[in-house]
Amino acid sequence: MDLGIRDRLALVTGGARSLGKADALMLSAEGCRVAIMDLNAEGAEETAKEIEMSGGVARGYACDIRSGVEVREVAGRIESVRPRRHPREQRGDHLHDGAA
């Protein structure tokens with residue numbers, strides 16, 4: 001199926017498991033870059049890694065969407081989601097999320 005959303009950035013909340021994870025995987029299969037927000041940071045990152053292992057582009061973020069402040073802070077870190085590169089291959093077009 002082609003939904004015409006290839007290369008768009010999709011933000012999925014609750015993407016660590018269940019329906020949110022299924023949505024993230026489907027959006028990636030459609031060619032979207034996927035940013036995954038979830039209370040479960042480890043689960044969000046696991047979903048992102050699963051997407052990347054299948055050739056997609058994704059990042060996972062810890063976020064409680066009940067907090068507007070937290071959502072804005074995380075959204076500010078999601079300027080763009082691009083493929084991870086080996087440090088020797090980076091040309092300045094990488095995702096920087098402020099993590100140490």
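Start by selecting Met26: at 36% relative accessibility, it counts as partly exposed (buried means under 20% relative accessible area, exposed over 50%, partly exposed in between, with a 1.4 Å probe and protein chains only). Met26 sits in helix H1, residues 18–29.

A quick word on the ground rules. This is a predicted model, where local features need pLDDT of at least 70 and side-chain atom pairs count only at pLDDT 80 or more, while totals for chains, interfaces and linings use all residues. Residues are numbered from 1 along each chain as its sequence is written, and side-chain values use heavy atoms, leaving out hydrogens and water.

Now zoom out. From the N terminus on, the elements run β-α-β-α-β-α; helices (H or I, at least four residues) and strands (E, at least two) are DSSP runs, numbered from the N terminus.

Next, show H1 together with helix H2, residues 41–53. They pack at an angle of about 25°, with axes 10 Å apart. Axes are lines fitted to C-alpha atoms, for helices over the stretch in contact, and angles run from 0 to 180 degrees between N-to-C directions. H1 and H2 are therefore roughly parallel (angles under 35 degrees; over 145 is roughly antiparallel, 65 to 115 roughly perpendicular and the rest oblique).

Jump to Ser18, also in H1. Its phi is near 55°, a positive value in a residue other than glycine.

Which residues pair by charge? Start with Arg59, which forms a salt bridge with Glu52, the closest N and O atoms being 2.9 Å apart. A salt bridge here is a side-chain nitrogen of Lys or Arg within 4 Å of a carboxyl oxygen of Asp or Glu. Arg59 is buried at 7% relative accessibility, while Glu52 is partly exposed at 23%.

Then select Asp64 and Arg66, another salt bridge, with closest N and O atoms 2.9 Å apart. Asp64 is buried at 16%, but Arg66 is exposed at 70%.

Last stop: helix H3, residues 68–77, where Arg77 and Glu73 lie four residues apart, about one turn. Their side chains meet in a salt bridge (3.4 Å, N to O).
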